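Please look through the structure shown here, beginning with the contact between its chains and then turning to a pair of helices.

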Amino acid sequence: MIIISPYSKPTISDNKPSPKNYPYWPELIKIIREKMPEQYILQVGVSGETDLGCDCFLQNLPLEVLKTLIKGCDIWISVDNFFHHLASIIGKRGIVIFSLSDPLIFGDPNNINILKDRKYLRADQFNFWDNVQPNNDAFVEPEIIFETISECLR
Amino acid sequence: MVKVSIVIPTVNRDLVVPCVESVIQMTTLDDKEIVIVANGANKSLLDDIQRWKENNIPVKCLWYDQPLGPVPAYNRGVKNAVGEYIVILNDDIIISSSPVDNWIKFLIEPLENDPMIGATGPCLLHPVLGDKQIPLEKEDRDFGFLIFFCVAIPRRVFEKIGYFDELLNCAIDIDFCLRLRRAGYTIKQVPDDKLIEDDIFKGDFPIYHKAEETVHNFYGIDEWNKILERDAAIIRSRYGRKNISIVIPAYGDCLEDLQKCIISVLDNTPHSVNMEIIVVANGCKSNVKHYLKNNIDKFKYLWFDDPLGFPKAVNTGVLSSNGEIIIILNQDAVILGNSWIKMLTDPFYRDEKVGMTGSLKLVCEDVKRNNILLFCAAVRRKVFDEVGLLDEQFYPGCFEDVDFTIRVEDAGWKTIQVPENTECVQTKDFIKGGFPIYHVENHFDWISRENFERNRQLLIEKYSPKREIIMPNWPLAQKKYEVLMFQEFFKSYKIDNILEIGRYKGGMTRLLAHMASNKVYSIDINDHKESFMDTDLNNKNMKQYDGKVYINSDVEHKIVEFNGDSHSREFIEFVKSKIDKVDLIFIDGDHSYEGVKADFINFLDCLKPGGYVAFHDILDSVEHTVIDVHVSKLWKELKKQYDAYEFIDNNDYGTGPCRSMGIGVIRIDNPEHIPILSSDNSEVKVSAYISTKDRYNTTLPMAIMGVISQTHKIDEFILFDDSDNPRDLINDPVFSHIFGVMERIGIRYRIIIGERIGQVANHQKMLTEASNDLIWRVDDDNYPMPNVLERLVNVISSDSKIGAVGSASIVWNRFEKAEDAGITLNELEKPNLQWTEFNGHRFVEHLHNTFLFRKQAASHGYPKNLSPVGHREETMFTHDMYLNGWKLVVVGDVITWHLQQYDIGGIRVYTDERYWIHDEEVFKRWKASKYKEDKVFILDSGIGDHLEFLKILPKIKEKYYDKNIILATCYPEVFEREGVEQISIGEAIERYGEEERRRQNIYEYMDRNNWTGHIKDAYAQMHGV
């Protein structure tokens, strides 16, 4: 079972999608489906998030349930949201897709923190996310994420 | 006696009324009860319940205004049911027409006939949730599951494997059945044991079930599908793949080793491995508990205050594990490479006959058999199922591994050292195989030489020919089958030396000498009158034996005689200076209670740990009493406190009455620990009192009768009457009789009318009103069994530092396990130890509602400022004794029944919730004043940041161990299992100010410090940990 936690919370002031969200989830899921047809893909999130058409989409789960699921999965993938912090509490390693936030500050070194280039990092890492513009160029391609998944499951 | 409880949770009157009516019509309810868990149901249901009650239907209603959720409702019902068997019915069930009781017989009879059936029900399926098949291992899938819309489960099963998992919403049936399977139970579809594959509602069981229509109506289809999906995901992650369980027994002062071990496991185990780690902490220091609690997400742990020994610790871990392969790892082993799991487990997948692998396989020279050392070994679960667990006789450890390996191999399984085809290099100091592990151990750091040798002998005995049982052909003052059973019991037990107290003519001495490989030390006073009562098995005349039966026998050389008084201090010391430790003590000397007790206590330390003490003449009979044989009194006290065995031959051989003799044997793991035994405390005076309020017509008469009917008579009884309209009890038709009895048997009594300002005032007043030093406090809804006070007096008299002692205080229909109970002030959320039954006594840090105490230990008085309710008054009162250096004890094998009255009298007449809240605040302040100042941490940030703070919380707790840690949080769920007080950010600002909030804001801190490191380290630096 692969768990994906695709979204970060919207910005506070204008409730826009977070710039931390990975723009290529549909493509990534398609690749996983094609190349790992035996894998069960579970999406977790909160109400209002886009259903990416995985095998299952569970919303608003209590932390204890999430922990149980994380412990039992083969691998998990998330953006820079609370999920990877939770997984690192359990000690279950996974893949985190970074873009504008700095994995050296916010990522757990035990995870595979994928950052395309540090040049995309925002200058002020500690300020609110309001008014930060999304930048799709800051994310790695889904093929690279898939290769990483394959490597982990090998 | 209620045999069956039919539990029906409901949120819907329209459904449950037809369901209950069908149960009433189709069931004989004489020995049954119906428990309706009404949660969020329409209040008109109460009218139906009243109607049923008026028609004498045994129906009980647990009423909750709001829905509890399905699984908590099930659990509330089960916990409040009193039947031996629990039948759970969904409220959308109708019992169909068929002969009366047919349906219940189908469910219950198989459970009565086979104790290993854990559940019965009409519908057994392959695990499926809605239309979702759950991919389980073949064995789990074939085991199937019973749908819990109608299921019967023995109460004892809940006691063994726990209640339903409240993390789940609808898949509790699959989860519970798989837990049953792992605990060794089967499940049975009734009346037919075939798996129904298609339409589930047309079996032969007389039932109609609306099924999904009901849940669709309640939740809506979309919500229901989400519930199914969520539970399916949990079941899949728990049971869906082949799992590995790593069991780590932890013992003693092991924190550093254990941390290294676990870190090495986590670092070297590929994350694709689906594993669980179970630490079985037994007899560990408290810092280990701290570590375990703070890493609960990384592993499961089981905590036992006392050492279990290695075999039992491993077994406990295995029983709570889920893996198909179980790896046993010592706490002081360090894994050195990430191939370790693969090395240990690959052989199982390659060859289905491989049962066990390990990093070292040696030959045990004692028995010339293979031994997979268990400091790092893997075992297929099927092997445990087939050959059983580790043999706990090998307490506290050593040689259980050889024994287990032999049993595994003898059952036809292969045992393999991994990596295969590598040889061990063995020198004087170490053994090195090819396995990536570092492990250094000196057995004698944790096991005494005596135990090591004992276990070695146990192994040798187990795999050596058994000792021959002989039929004595000499005169013997024993009964034939008793000595044969006695020998049978010990035939596999390695006995070097025996101590016999009471030799007389030596008939038993001679038999014992056959059993011992070395010596029988035989003590006798040698001053007997001629009253030989031997059961002469062959009618031989004693005269041919020249005084002693063993003279000139082939075992005479083993017998060492000591002649003297076994109660004389000098003689005792002399004997002890001359003998080696013994494996068995046989006591057959002074048969008075005090005499046999003295022999037992005086020579107990001659016994090896794990040795046995045997007593002769243990029968409690008139025949013994008339000749002043009172061994039975001691035997009854001892057999509650140890593993005990009785060998009794009721035949009449003509030379003695049939109701005489009897041999009792106890096993003693720790001979240095003297048990609590009776002493003559009949002169000890006790003042007893009851503080009562408005319970004249309910439990008060029973409570008073319980207090005055004790085997240890009280000297004085005081009734504090706090009732709103006090009655003239002296002239009351019921109470006048009770006071008359007191006058007749010589108990002084007084009635003091309370000030009606709450029970605490009465308790406080008793401290000055009581005329004796020992005060027994009993609540007005308590009923102490007649032996309670005698036992409490014996315990408190045995140690002048015991300040208070309580009995078990049991609500008859509620069961709690002693191992789940809390004894410290930080475990108040757990069941109180007094709510459980157990053998012997345990020390605690506070006591519950009824106890005997010394006035001297109560000089601090009761807490002030409590409301009339007096919530937690006894907790604070007794804990203050504890803090003042007094010991507090709970005796688990005498019972005071707590006849709980929720709606009549007592403190429950105060219905204003604010009283309870007020008292809880008083308690918190009291606790803080006793222990700690507040230290607040304000987490005004996101949930991810909370989770990062959670990682440093153990260090925070360590640094501020002397403070009361308060977390101000936005996401309290992150810390809800951390045992820390939480408040809102708003409250923190109110208490500590906006400036403090900003000072502790982690983002502002990182900004101020131009932080480039990890956020967790920023938290650590900010708080200096």
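A salt bridge is taken here as a side-chain nitrogen of Lys or Arg within 4 Å of a carboxyl oxygen of Asp or Glu. This is a predicted model, in which local features need pLDDT of at least 70 and side-chain atom pairs count only at pLDDT 80 or more, while totals for chains, interfaces and linings use all residues. Residues are numbered from 1 along each chain as its sequence is written, chains are lettered from A and ligands numbered from 1 in the order in which they are written, and side-chain values use heavy atoms, with hydrogens and water left out.

Between chain A and chain B there are two salt bridges; E64(A) forms a salt bridge with R977(B), where the closest N and O atoms are 3.4 Å apart. With contact meaning heavy atoms within 4.5 Å, 38 residues of chain A touch 35 residues of chain B. The two chains bury about 3,300 Å² between them, 60% of it given by carbon and sulfur atoms, where buried area is the accessible area (1.4 Å probe) that two parts lose on being put together, summed over both. On the chain A side, E64(A), I89(A) and F126(A) lose the most area to chain B, together 20% of what that side buries.

Within chain B, helix α20 (residues 593-603) packs against helix α22 (residues 631-639) at an angle of about 50°, their axes lying 7 Å apart. Helices here are DSSP runs (H or I, at least four residues), numbered from the N terminus, and axes are lines fitted to C-alpha atoms over the stretch in contact, with angles running from 0 to 180 degrees between N-to-C directions. The angle makes α20(B) oblique to α22(B), since angles under 35 degrees count as roughly parallel, over 145 as roughly antiparallel, 65 to 115 as roughly perpendicular and the rest as oblique. In this contact, Y593(B), V596(B), K597(B) and F600(B) of α20(B) meet V631(B), K633(B), L634(B), E637(B) and L638(B) of α22(B).

Notes
Helices (H or I, at least four residues) and strands (E, at least two) are DSSP runs, numbered from the N terminus.
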